[in-house]
Every structure is written in C-alpha cells, then in structure tokens.
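Trainee: I would like to learn how to read the features of a model like this one. Could we take them one at a time?

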Amino acid sequence: MKIHALQKNIVSGNQEFPIYIGFLTAQELLSVAEVPNFKDDTHNIDIASNVLAPPVQQWQRPLIKANKDRITATFNGTGEFMPNPVLLSERCVGNPPKIQVEQMKSAAGIATDIIEIDIPLPSSQKDFPLWIIDGQHRITGLGDSKCVQRDNPIPVVLLLNNGGQFYNGRNLAKIFAQVTTEATPLASLHKEWLTFAFHLDGYTKNSPSHKSMEAVATLCKQSLNSFTNKPNGFHDDIRFNDFLPTSPKYLGHQYDCKYLSKLISDNYYSESILTNELKPAELANQISMAFDELKKCVKLPQEKSVFFGTGDYCHKIMCDAFIVGVLSYLANRNSAPDSDEWEDLLLSLNFNTTDWNFSQYVKKGTRWVEKSKKLAIGVFKSIFEQGSLPAKVYDIWDYLSGDQLFIEIESKHINQNGKAIQKNSSTTRVERGAKKTIPMASRKYFKITKKSLSAMHFVIVDSKSSVADAIKFKPTGEYLKLPKVDLNKPSQDPLCLTIKFTLYGGNEEEINITLRDWK
C-alpha cells in the first residue's frame, strides 16, 4: 500500500523527530495498523507479566464499544465528516515488515516535497507494520461495515523511524498519555502501570516507586514463592485491570497495584536507611511468605477474621497494618528471614491466641476507619520492629482497645513574660480509666509529654463545659488563662478535665484529672 505524504522534522532539545502527514481510508488503515491494547477481560496476571517483560506489547486502553458505535452512527452521510487526524507509528516490537520511505522526483528528476511511503500488507495479525497511537475509536467506528463513510480519506500523522531510532515504546507511550483527552482520561490502574512500564513521571528506573511496583507485579505474576516453592496466595489476585470486577481470592479484600505499590514504597523502599535492601522479587517472596505464616497462625474460623473474612468481617486496614509490620521488620534486618522465623515472630506476638474476629467489638458504620487505620499501622509497625508486645500486654486486640494506655502530664510555672519554665516542674503518669487529682502548686501550664501508642487519638475538654460547646485544651501545651479559664470563677479551681481517647473500631476510653491549686 502506497501513500503520498509531506514530511517535516520537529526539533526538541538535541533531537529531531520526523513527522509525515498523508491520507488513508479507515478500511485501509485497519488492514495495516493495530492498536497495542489490552482487553476488558485481560487477566491481572497477564498485565503483570506484560509490564515485567519489556518491550511492553499491550499498553493502550481497551476499545470502548459505545464510543466506537457512536462514531459509526454519527458519520452516516448526513453532512458530518471527520477532519481530525489519526496518529500512527511504526510498530516498535517484534519484527514488523519494513516500511519504505522515498522522496519523489518530478519528471525532470528534480526532488519534490512529496514523500512516497510504501506500507507492506501484513501476512498475519502479528505482522501489522503500524500502531494506532491515538484514534482507535475513530478508525474502528469509521471502518465499520455499517458506516457509509468507510471509504472516505482520513488525515493521518505517521511517526516513522525510517532507519533511525527516533521512536520507541517509551516515547510512544508518553505521547499516547499526553494526547489522551481529559474527556476520557486513562483509568487509574492503567495509568499507573503504564508509567511504570515505560519509566515515566515518578517511575524512573530504580526509584522507590519503580522497585515497589516491580515487587507488586512479581507478587501477582508468580504462582509459586521462589524462596519456599510453595503456592503464592497473591497469584493473579492483585488488580491491574480497571475493567475487571473486584474479586478477592486470598484475603478478604483484593489489593490493586497502585495502592499496594504506594504502601510498599512509603514503608520500605522510601526509608532513608535500610539495613539490607531486598530486591523487588525477594521482597515479593517475603510478603507472600509472611502471609502464609499468618494464615497458619490465625485460628479458626478464618472466614470471620479481619484478614481472610468477607463482608463486615474483613478489615482492609488490618491487612495494611500487617504489611506495614512486615516491611518494618524487614527494614531492620541484616538478612532475609525464612518461614520458621516468620512463624516464631507471629507466635511471639500472640497472633495465634488473638481473637481476630473484630466485627464483634467495633461500632457500626465507617466513621472510625481512618483513625483506626493510623492506630493499627502504628501498633503493628512498633511491635514488628521490637519483635514483642509491650510489657503486660498479651493480646493485640487488647492493645488496640486500650490495654496499658497511659499519658504523662507535665505542669510548669509561668514566668513574668508569660513563658513556661522548666524549674520546679512536675510530671504525673495517669493510666487508663483513672480519676486523678494533680496538685499544681500555682503552676498554670500543662502539656502531655509522653503517651502510650494506643493513646494516639484523644481530646482534652473541660468536664463542666457543655457537650455542644466544649472547651478544649491543647495536648501540646496550654497556659491556663482567658478565654478558656477564668481566674475569678471559683468553680474552675480545681479545674476538672476529661481526656477522651478514640480506640480501634470507634471504641472510647476516658481519663479524668483534676488540676488543684493552679491559680
């Protein structure tokens, strides 16, 4: 197939990019060009395998049939026509048939501005010489047998190497992402693995985000843990395809590649100091192995556990917390642990005796989720790093619900400049559920200087103020004065404060303190 075109070179930086502009009908285009796209039903494992094996071959979005049918119906010969050019490129994977580019000459042998491009017809579907970079819906819609304009010429822009190395998968993917209109933006997961596959934006080679996504893709791809040779529970169970329904097989919920990659990046590869950084494939093995041992430890019925249960039994935030704990443990080790070490660690943290059916304890609704997530992640990060539970704590649920909760309150005098001073300061430890009177001895300043990990979320209020208009005090330091405290009100000395703690699942605890003789 021969077409006539004009050529111009675009200069960007120190590079020149040849661009050719000509015309083809939709039917002609469909005979020599394909879209390097994945399908609506492409398995997650296939996408994961694809992005791990460059050159990536299927990186464009699936055909949206409604868009294609709309174009077929619109350009039906009633005065509508398609002036928008289609963007094509030379296929950059495999061994496509060679496209010949030749400058035409006049009858007198003088070179003209016209370029003749000879595009060979493919012998099979694997031999298409061209890729459709932008315009798949226009081409398939106009090329449909029902479209009366299928033989009309369409302007085309061709990106051809012509023996050079101007275009490759990376810059073509970047061009594709750039020309994608805001009206139909790339789906979230597609955009994420596309930028990873071609090292775009934040996914530069060997960056924390790149290594994290590589670990996630490996975790999805491998059927067996290559360290233990045991089945990998995450095999084909991490979402890479936005168009596939969420369908968890292993945990009670299904991770997607974007979320899990960020979780790993934030809590492992972005750490400033790693004792012995694991390669992405090694990290994938460790995550798989840790969850194997978790499944052994969690007592029956597992279908009612926060990790492996479904519906209200499943708490995704606890799976997040477990992963963060695993990553924290690995970040502080000199060598990669084996299955026995993971088992020993989980047993030492009493995973086998904790009742993981949290649904029986938590409040209805989801208002508690964000605070509980921060609490669970903080607790798991700490206990995995330490390799043990805090003193006198024997159950993880108990710890999340306030076991051994405490705060330390420091009171100070105020100098003539209104500043708190350290001289003759006093510190009092107050534990969960306590009612404590603290003699202030004219100290007018207090703050929380230390607290247990379970005391992460709390407020301090004047016990005598109304619930609707509660007077709150800052835990980071409060000078007892107007407008919160009135020296002339006898009812405010002693000053009664309630410290309300929000624990996992929206549960609450209180500590009541009385600040006596603060005036």
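Trainee: Which residues gather in a patch of negative charge on the surface?

Mentor: This is a predicted model, and in it the negative patch on the surface is made by Asp 338, Asp 340, Glu 343 and Asp 344. One of them, Asp 340, belongs to helix 11, which covers residues 339-348.

Trainee: And which residues gather in a patch of positive charge?

Mentor: Lys 371, Lys 374, Lys 472 and Lys 500 form that surface patch. Lys 374 sits in helix 12, residues 369-386. Its relative accessible area is 52%, and the cut-off for exposed is over 50%, so Lys 374 counts as exposed.

Trainee: Next, salt bridges. What is the general idea, and how many salt bridges does the structure hold?

Mentor: Side chains of opposite charge can pair when their charged atoms come close. The structure holds 18 salt bridges. Take Asp 69 and Lys 65, whose closest N and O atoms are 2.6 Å apart. Both residues lie in helix 3 (residues 65-74), four residues apart, about one turn of the helix. Asp 69 is partly exposed at 30% relative accessibility, while Lys 65 is exposed at 55%.

Trainee: Which parts of the chain does the pair of Asp 144 and Lys 68 link?

Mentor: The closest N and O atoms of this salt bridge are 2.5 Å apart. The pair links distant parts of the chain: Asp 144 is in the loop between helix 4 (136-142) and strand 8 (153-159), and Lys 68 is in helix 3, 76 residues apart. Asp 144 and Lys 68 are both buried. A network of salt bridges links Lys 65, Lys 68, Asp 69 and Asp 144.

Trainee: Are Arg 516 and Asp 517 buried or partly exposed?

Mentor: Arg 516 is partly exposed, with 38% relative accessible area, and Asp 517 is partly exposed as well, with 44%. They form a salt bridge whose closest N and O atoms are 3.5 Å apart.

Trainee: Now the sheets. In what order do the four strands of the open sheet run?

Mentor: In a regular strand the side chains alternate between the two faces of the sheet. Here the order is 10-9-12-15, with antiparallel pairing. Strand 10 (420-431) and strand 15 (478-479) are at the edges with a single partner strand each, so one side of each has no neighbour in the sheet. Strand 9 (residues 406-414) pairs with strand 10 over eight bridges, in the antiparallel sense. His 413 is opposite Ile 421 in strand 10.

Trainee: Which are the edge strands of the sheet of eight strands?

Mentor: That open sheet has the order 3-7-4-8-2-1-6-5 and mixed pairing. Strand 3 and strand 5 (100-105) are its edge strands, each pairing on one side only. Strand 5 pairs antiparallel with strand 6 (residues 111-118) over five bridges, and Gln 103 has Ile 115 in strand 6 as its bridge partner.

Trainee: Why is strand 7 largely enclosed by the rest of the structure?

Mentor: Four of the five residues of strand 7 (residues 130-134) are buried, so the rest of the structure largely encloses it. Strand 3 (residues 33-34) pairs with strand 7 in the parallel sense over two bridges, with Trp 131 as the bridge partner of Glu 34. Strand 4 (residues 86-90) runs antiparallel to strand 7, joined by four bridges. There, Glu 90 has Leu 130 as its bridge partner.

Conventions:
Residues are numbered from 1 along each chain as its sequence is written. This is a predicted model: local features need pLDDT of at least 70, side-chain atom pairs count only at pLDDT 80 or more; totals for chains, interfaces and linings use all residues. Side-chain values use heavy atoms; hydrogens and water are left out. Patches are made of residues with over 30% relative accessible area and no salt bridge: like charges are joined within 9 Å, nonpolar side chains (Val, Leu, Ile, Met, Phe, Trp, Tyr) within 5 Å. Accessible areas come from the Shrake-Rupley method with a 1.4 Å probe; for residues, only the protein chains shown count as cover. A salt bridge is a side-chain nitrogen of Lys or Arg within 4 Å of a carboxyl oxygen of Asp or Glu. Lys and Arg count as positive and Asp and Glu as negative; His and the chain ends are not counted. The place of a charge is taken as NZ of Lys, CZ of Arg, CG of Asp or CD of Glu. Two strands pair if DSSP finds at least two bridges between them. Buried means under 20% relative accessible area, exposed over 50%, partly exposed in between (1.4 Å probe, protein chains only).
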